[in-house]
Each structure stands twice: as C-alpha cells, then as structure tokens.
Amino acid sequence: MEKESNWISYSCGICGATSDSRTGLNLRCSVCKSSKEKPVDSIMYPEGFLQDKIPFNVLEILKDNAYFNRLYEETNKRIVGESPVKKSLVLTILGGRLVINSSPTSYNTLVQDKSGKGKDWVTSNVLALLPKLIVEKKSRISERAISYWHTSEKEPFFTWSGRVIYLEDISYQILNSECVKNITSGDVNSSIVVDGRLKDMSLNGNPIFVCTGAFVDLNNEASRRFGILNLSEDVNQTKRVMEMQAKFAKEGLPLYDVNLINSAYALKRVKVYVPFASELAQVFPDNHILARTGFGRFLDFIKASAALHQYSEK
C-alpha cells in the first residue's frame, strides 16, 4: 500500500519496533504482543511525519509567520477570555517542549485558582492542540507511580523529551515531593525501596509538567521550578463563560482544526540560540536576586517562540 502524506512513524517504548500508519491511531506493538517469552500489550507512540510526507495543508500552517497566533486563536473556540493564561501555555508547553538547550525548570507550569473558576477547562483545552499521545494526563497519582512512569528499565526506547505530563488538581504532597522535585529539576535518576530493597530507577529525557490546583502551597524549591498562572478576576468573565456554555449546549463543542493539531508531528526538537542575549542582559531588571533565574527563563521563552516558528520563512 502506498503511504499517504498524513502517515507518521510510531515506535514501541519496550522493544523499539517501528510502524508507519495514519495519524490519530492508538496502535499496539505486534512484536511485544506476540513475544514467546512474555507477551506484553505495549502502546506505540507517535514520532512524527515520514520524511517528505508532511501534508500540504499542514505545511502551509507551519510556514505562517503568525503560527503562534493561529494556535492561540484556535483556543478561542472553546475558551472565552483568559488571554494571558492561554498565550503563556501555548508558548511554554507547545513551544517549550521543542527546545533542547533550555533549563529543565523554565517551562513547568502551575495553573492555580479557586475551585470552580475553570482552570482545568482552560488547561486541558490548550493541551488539546497537541496530539493525545504527546500528553500524558493523570487526575490522581502517587509519588511511587510517578517514579515508575515509563522508566528506562521497563521502556528503554521511550523518551519523555518533547512530551507533556498533565497532573490535574495536584495535591500539596505530590507537588512538593522529592520525586517531582527531581524530575522537574532535570534529575531523572532516583532510588526507591521495593520489598525492602533499594531499587534504582531512571527516565529517558525530561517531560514538561503542567499542573492545576486550588491555591496549592508551594515550598521555596517548588516555586523556582514552576511558573504560576492565575485566571482572570474580571467581574464580567463569569457572564462570558455562561454565554459560551449556552452556545455549546445548543451547538455542541467545536472541533479544533485537525491540520493545526497534526502540525505538532512536523515540529522537531531543536537547539535555539539567542544572538541578541547580551543586549537583553543590559536592560533586563536586575534589582532583585530572582533576576538570576528569571533572566534565564526569559531567554528560554524566546527560544520556545523560535522553536514554534522553525518553518517560518522570516
């Protein structure tokens, strides 16, 4: 069968087997499933479009100098208002996952606010711009489960780089745990006690964390590893949300542009350099000690924007 322009490559994290198929499928590894030693039901994860097989409609989107704006404006289909939060998430999550040479703490994000204000709705519908298997979502998880999540010992061919961990309604204990602290700081090696024995665990690559919580109390270390976003306090926002909910009740939830979602398959992880960084250092505010980490994060935001526009002609 001739492979179409919307085919992508999938790979198995356990055995490394690859397969080519259409986008949006939930494939299982036939090699692992048919193993004579120990059959395993293993998910195959998307890696990207086949060489020279990027669909024309996707390529046109990627070449648009306003690609970031197209992503942001797409969220307006489902999220009313909240422009600063939406733009920040598009930049740090969709763009940040593409940057190789960034600090492991620059793009981790906590969206926090009172219960019922819509933080999970906003966050999940920005992340919906990414193909599903790029985002790993958990509504509840233990520290031990995070330690076992796609470890290199069990899945040597799986990498977290370029992927997103979304922890909904995260607890104080998990957010400030040693496990999350280590992973969000770029330390992918850990040791845990299993059946009375110390067991070393490691991860391949570094994921970006995006979490939601109702005013989760961050300790000092956690506050340096997460950017914090709060939803709008505009008194008119509630009315606008209700009007959008009424529209969805009458017309249904609008679908995102599938070509825009699939554009993520064509974007590569890249190293980005900022040629005007020295000039920025001369004008960046330096009257607080936090500028030492804030400036580095600011430069990483610039890298994220550049990575998103890697197909741009300007």
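Leu 89 touches Leu 94, Thr 109, Val 111, Thr 123, Val 126, Val 210 and Leu 229, where contact means heavy atoms within 4.5 Å and residues up to four places away in sequence are not counted. The model is predicted, so local features need pLDDT of at least 70 and side-chain atom pairs pLDDT 80 or more, while totals for chains, interfaces and linings use all residues. Residues are numbered from 1 along each chain as its sequence is written, and side-chain values use heavy atoms, without hydrogens and water.

Leu 89 is also among the residues that touch the most other members of the largest nonpolar core. Such a core is a set of buried (under 20% relative accessible area, 1.4 Å probe, protein chains only) Ala, Val, Leu, Ile, Met, Phe, Trp, Tyr and Cys residues joined through side-chain atoms within 4.5 Å.

| Core | Size | Residues including |
|---|---|---|
| Largest | 50 residues | Tyr 67, Leu 71, Leu 89, Ile 93, Leu 94, Leu 308 |
| Second, separate | 19 residues | Leu 110, Phe 158, Trp 160, Ile 170 |

By class, 15 nonpolar, six polar and three charged residues line the largest pocket.

Notes. Nonpolar A, V, L, I, M, F, W, Y, C, P; charged D, E, K, R; others polar.
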